[in-house]
Structures are given as C-alpha cells and as structure tokens.
Amino acid sequence: MQSESGHLWVKAAEGQAEIIERESGHTSGVYPKRPLAIVRGAGARVWDADGREYVDCVGGQGAANLGHAHPAIVRAVSEQASRLISCPEIFYNDRRAMLLERLAAVAPPGLERAFLCNSGAEAVEAALKFARLSTGRSQVVAAMRGFHGRTMGALSATWARAYREPFEPLVPGFRHVPYNDLPAMQEAISGETAAVILEVVQGEGGVHPAEPGYLPGVQALCEERGALLILDEIQTGYGRTGKMFACEHHGVRPDLLLVAKSMAGGLPMGACMIGPRVGSLPPMAHGSTFGGNPLACAAALATLDVMSSDDLPGRAARLGSYLTGKLEGIRSPAVRQVRGLGLMIGIELKVKVTPVLQALQTAGVLALPAGSTVLRLLPPLVIEREDLDRVAEAIAVALEGRPALRMETV
Ligand SMILES: Cc1ncc(COP(=O)(O)O)c(C=O)c1O
C-alpha cells in the first residue's frame with residue numbers, strides 16, 4: 001500500500017484500539033499517554049497502527065535528530081549486531097575507541113575524555129559525581145525552570161516543584177537561581193560550590209535560550225571561584241540549534257558537557273565529556289554495565305558521519321529560521337512569543353497548549369508541550385521544507401483558523 005507521501009507501508013497486525021488496550025493493561029502508569037499507537041517511521045514522518053501518517057515534530061523528544069529509520073543507522077546497527085553487542089568497559093573495544101576519538105574531535109576544545117552511559121539522567125548523575133570528586137565540594141547551583149532528568153541527583157537539579165516534591169528529601173546542597181541573571185549567579189557561587197549546571201536553551205522549561213554574555217559570565221565566575229561548569233546539552237546537543245553544540249553560539253568551554261538523546265541515532269546512549277579542570281578520575285569512581293556498548297557506539301559513529309556529511313547543524317540553522325519566520329507570520333491573539341534556536345522552537349501561547357496539540361494531531365502533526373502554555377517543536381533535522389510548510393499551516397489553522405503566510409524560500 002502507498003501513503004500520500006509515496007512511502008510504502010504495511011498495516012500493523014493489530015489496530016490502534018487493540019494495541020492501546022493491551023499496553024494499558026500492563027504499563028507502569030507514569031506517562032500521560034496520547035491515544036495513538038505509532039508503529040513505523042521514515043525520515044520526519046511516522047505512521048500509526050491504522051496507517052495514518054503524521055509529520056513528527058516530537059522527534060523522539062529530541063532523540064530522532066536523524067529522523068526515523070535512517071539508512072546509515074540501520075546499516076551500522078545491523079552490521080554491529082551481527083559482530084558484537086556486549087562488551088563492558090573492563091575491556092577495550094574497536095567501536096568505542098573510534099567513538100571516543102571522534103567525540104574529542106567534535107567537542108569544544110579541551111573536552112578530550114568521555115564517560116559513556118545510556119541516558120540523559122545518567123550523564124547528569126556522572127557529572128555531579130565527577131564534580132564532587134574533583135572539587136571536594138558538595139554544593140550545586142542550578143537554574144529556575146531548568147530540567148535535568150528524574151533520577152535523584154538529576155531531579156535535585158531540576159526546578160519544577162511537581163517533579164520534585166513527591167520525592168523529597170532529595171540530594172542536599174542544591175539551590176536554584178533565576179536563569180539569565182548573572183548577578184544572582186555571582187551571589188550564589190561560593191567556596192563550597194562544586195558545580196553550576198545549566199542548559200544552553202532551557203527546553204522543558206519553555207524553550208528559553210541563554211542571553212548573549214550570560215554563559216561566558218558564568219564560566220568566568222566558576223573559574224574564579226574554583227567551581228566546575230556543567231552544560232547540559234542533552235536536548236540541544238548534536239546539531240539541533242544550528243551548531244554541533246549549542247555552547248558554540250556563546251564561545252564557552254564547559255568543564256563537563258552532557259549529551260544523550262540524539263547522539264546514537266535514536267538508540268539509548270549518553271555521554272559526559274570531561275575537560276582538563278576536572279583532573280583525573282580514579283578507577284571505580286563510576287561505572288555502567290551497558291555504558292559504551294559496541295552497538296550504541298556503532299550507531300553513534302554513524303550519527304557523527306551523517307551530521308557532518310549532510311551538514312545537519314547548518315540545515316537546522318537554515319530550516320529553523322525558515323520555520324520561525326513562518327510562525328512569526330501567524331497573526332493570532334493566542335500567540336505571545338515565538339522563540340528558540342535552530343530547529344528547537346517554542347511558541348508561547350496565551351492559552352493552554354493541550355487543545356492546540358490535539359488539533360495538530362487531528363491535522364496530522366505531532367508536537368510537544370513545554371509546560372502548560374508553550375508549544376514545542378523538535379522535528380528531525382532531516383525534515384523537508386514541504387513538511388515544515390505543512391506544520392506551519394496546521395499551527396496557523398489551529399491558532400487562527402487560516403493558513404500561515406507563505407515565506408520566501410531561504
Ligand atoms: C536538558 C535535559 N537534561 C536531561 C534530560 C533527561 O534525559 P533522559 O530522559 O534521557 O534521562 C532531559 C530530557 O528531556 C533534558 O531535556
């Protein structure tokens with residue numbers, strides 16, 4: 001059977017209703033799920049079990065920067081799966097060695113080492129431990145509206161009360177200051193501060209980019225006071241904002257740089273990259289059974305290849321300004337502000353976002369919230385311009401009931 005985009009698709013063995021019923025019977029219950037069973041993807045499009053096609057601006061919540069079923073990832077994973085999947089870091093491995101070298105080459109200067117793990121929260125936990133170990137201090141300064149994950153250390157750095165409160169007491173020693181407020185940071189960093197942890201664009205907190213001068217100012221304060229700077233690029237990392245790493249927009253060099261989500265073409269993987277101020281880390285300081293497994297390393301190497309051969313950061317910059325222009329052209333009293341960097345875009349609304357997300361889904365576009373009033377778009381960086389037109393038009397219709405102004409092609 002052929003979809004409207006020309007892709008072949010095979011209807012899932014079960015329809016949506018059956019899948020939803022079976023999954024609902026046994027799932028943990030911790031996710032607010034949408035009544036949609038996604039069974040296939042290609043590029044920036046996904047299909048539900050009934051064969052309906054969607055433009056995917058959820059993008060695996062930032063994991064699918066290369067889109068779905070990218071041939072380079074499929075090839076790398078299947079080749080590696082037939083050679084070696086498991087190889088803990090008590091041994092060396094060819095794929096891991098190559099990946100560590102490549103990471104050091106693409107990261108901002110100085111980040112020559114990396115601890116490999118399996119998720120964003122794990123990368124955050126590693127950074128917090130390394131910062132304590134390296135400085136001998138225990139306090140951490142984080143930002144209001146910041147999001148760093150849901151394990152106990154990462155949750156302690158996360159701001160939103162709804163995530164934190166049910167699990168208190170959390171790890172002691174964390175405090176939160178307003179983002180983009182250098183004087184507040186100056187007041188907060190003391191001789192007891194092990195690290196400052198910040199996002200370069202706050203994602204879950206509503207898509208708020210760092211203002212020019214803020215991150216270099218924080219870096220200078222950290223250096224002056226002997227604290228380490230941890231930049232959480234788990235959502236911004238790998239091309240999304242128009243640069244390989246969003247910190248390149250600001251010329252900052254973090255001591256610990258965190259990536260996850262998109263680094264292995266959608267497979268679970270994370271990394272805590274380590275700069276010279278961290279010093280040496282002793283054996284047994286940390287570890288992970290699956291960390292640096294050859295399968296994820298092979299996928300991560302293929303991801304780096306595609307990032308550079310297809311210049312996906314450049315594509316994100318170009319398409320990001322194209323889409324932002326279209327969204328800014330929407331005339332609707334419901335829109336407060338359009339903001340973001342590259343293909344990480346937030347539309348702050350004056351109304352609740354959930355009905356807008358539902359209307360978009362009905363129109364064949366999947367998107368994310370960031371809080372209760374921000375519509376967040378994280379499309380795969382391989383998305384085609386015609387799909388962005390479809391997204392902008394669907395948003396225009398949902399917000400003002402008419403198509404968005406067509407913009408000049410960039
Ligand atoms: C900035 C940031 N840090 C950390 C995390 C946690 O990542 P994970 O869900 O892989 O644990 C997220 C997830 O959304 C994130 O956006």
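I took helices (H or I, at least four residues) and strands (E, at least two) as DSSP runs, numbered from the N terminus. The model is predicted, so I noted that local features need pLDDT of at least 70 and side-chain atom pairs count only at pLDDT 80 or more, while totals for chains, interfaces and linings use all residues. Residues are numbered from 1 along each chain as its sequence is written, and side-chain values use heavy atoms, with hydrogens and water left out.

Entry on Pro 369. I found Pro 369 in strand β16 (residues 368-369). With a relative accessible area of 29%, Pro 369 is partly exposed (buried is under 20%, exposed over 50%, partly exposed in between; 1.4 Å probe, protein chains only). Beyond residues up to four places away in sequence, Pro 369 touches Arg 34, Val 353, Leu 357, Val 374 and Arg 376; contact means heavy atoms within 4.5 Å.

Entry on the cores. I took a nonpolar core as a set of buried Ala, Val, Leu, Ile, Met, Phe, Trp, Tyr and Cys residues joined through side-chain atoms within 4.5 Å. The largest has 86 residues, and Met 185, Leu 198, Leu 327 and Ile 395 have the most contacts inside it. Helix α10 gives the most to this core, with nine residues. Apart from it I found another core, of 27 residues, among them Phe 130 and Ile 274.

Entry on the helix pair. Helix α3 (residues 71-81) and helix α10 (residues 294-309) pack at about 150 degrees, their axes 9 Å apart. Axes are lines fitted to C-alpha atoms, for helices over the stretch in contact, and angles run from 0 to 180 degrees between N-to-C directions.
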